[in-house]
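Here are my notes on this model. Please read them with the structure open beside you.

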Amino acid sequence: VRPYQELGQGRALVSLKKINLFWALFLHLGMCALIFLISSNLIWRLVVPPFIIVMTNLTFLNEYVDKLLTQLPAGCFLAWGAACMLLFVQRPTRRRTVILGISLALLALTKAVFFYISLGAIIVLAIQMFRHRDAFQTRASIPQFRIFKGRRAFPILGFVLLSFLGVIGIWVGRNAVELHQFRIADRGGDVLYMRVLTMQKPVLGGLYAYAPRKYQPWIGEITGYQRKDIKSGGRLADLSAKNPEEDIRKKRWKIYKVEMEKAGVQFRGRNKAQGWLAREGLKRYVSHPVALVGWIPVYAMKGSFFLF
């Protein structure tokens, strides 16, 4: 196995990034499948898929296809998870319930935040299906929906939850045995505390730093920030993950160590620090509700700016 350092440069890195071509194809197929399931209209099926593919190439893939990040795989599993949920609603067989649970689990393992979103989606789906069970049974678009008839009432959603938690449990169990950490991922505390530090910056500064480069001059005229502000030594340098002049992550962990020393907590490695970072970050979140509310739309725009 090649050392990690060798995979991060030269031809090895180019070869490693080729996996993104598979994810791009998988994403396109998932979106096309989703579109075909949403409508049976021939014009819709002929016009919408090419449009979606072109727009995805110009926006989402243009941003992430050349990066080794989890956004691209997560987008794939999100599209296929939505398609599996539509298939489940149309005709909830046991096979489809298991496939739906596995697809949601793969999405959660790619982006841990989707663990909570998937659980919420399953709960909402169960509530809506129970409240509108008569309508579900009579709607022409899903005439075979008989989920609450006879002895199939409980098992049908139980299979979704069990298959979802089963796949998640395998990975969590592996982490518990190999890493002695009973969790899906190990960056929760790091990310949460980083958000707390970010909230100490001006909201308008975050809007400028997280905007696409082509829009930063325009946003800078409104907010008063310039390109030099997000470079090394600038007042927004900590917000710029694209800053090539310093390792933002290393600098962040230096700040964490100082914060832990101030609190009288000994730093014993990054993995063991995650728990303290999560607890302290949550306390600071709760104690600064105004800043939290102000930064929520900024982070929402950070995640959606690639569309423009």
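What share of the contacts in the protein chain with a separation of 6 or more comes from residues 24 or more positions apart?

1. The answer is 62%. Keep in mind that this is a predicted model.

2. Start with the overall make-up. The protein chain has 16 helices and zero strands. It holds 308 residues, and buried residues make up 34% of them.

3. Now the surface. The accessible surface of the protein chain is about 19000 Å². Carbon and sulfur atoms account for 64% of that area.

4. One surface patch deserves a look. Leu 16, Ile 19, Phe 22 and Leu 68 form a nonpolar patch of about 350 Å². Leu 16 sits in helix 2, which covers residues 10–17. Leu 16 counts as partly exposed because its relative accessibility is 37%, between the cut-offs of 20% and 50%.

5. Next, find Ser 39. This residue lies in the loop between helix 3 (19–38) and helix 4 (42–58). Its side chain reaches the backbone nitrogen of Asn 41 at 3.1 Å. Set aside the neighbours within four places in sequence, and Ser 39 is in contact with Trp 44 and Arg 45.

6. Last, the cysteines. Are Cys 76 and Cys 84 buried or exposed? Cys 76 is buried, because its relative accessible area is 0%. Cys 84 has 13% relative accessibility, so Cys 84 counts as buried too. The cut-off for buried is under 20%. As for disulfides, the count for the model is zero.

Terms used. Residues are numbered from 1 along each chain as its sequence is written. This is a predicted model: local features need pLDDT of at least 70, side-chain atom pairs count only at pLDDT 80 or more; totals for chains, interfaces and linings use all residues. Side-chain values use heavy atoms; hydrogens and water are left out. Patches are made of residues with over 30% relative accessible area and no salt bridge: like charges are joined within 9 Å, nonpolar side chains (Val, Leu, Ile, Met, Phe, Trp, Tyr) within 5 Å. Accessible areas come from the Shrake-Rupley method with a 1.4 Å probe; for residues, only the protein chains shown count as cover. A salt bridge is a side-chain nitrogen of Lys or Arg within 4 Å of a carboxyl oxygen of Asp or Glu. Helices (H or I, at least four residues) and strands (E, at least two) are DSSP runs, numbered from the N terminus. Buried means under 20% relative accessible area, exposed over 50%, partly exposed in between (1.4 Å probe, protein chains only). A polar contact is a pair of N or O atoms within 3.5 Å; within protein, one must be able to donate a hydrogen and the other to accept it, and residues adjacent in sequence count only if both atoms are side-chain atoms. Contact means heavy atoms within 4.5 Å. A disulfide is a pair of cysteine sulfur atoms within 2.5 Å.
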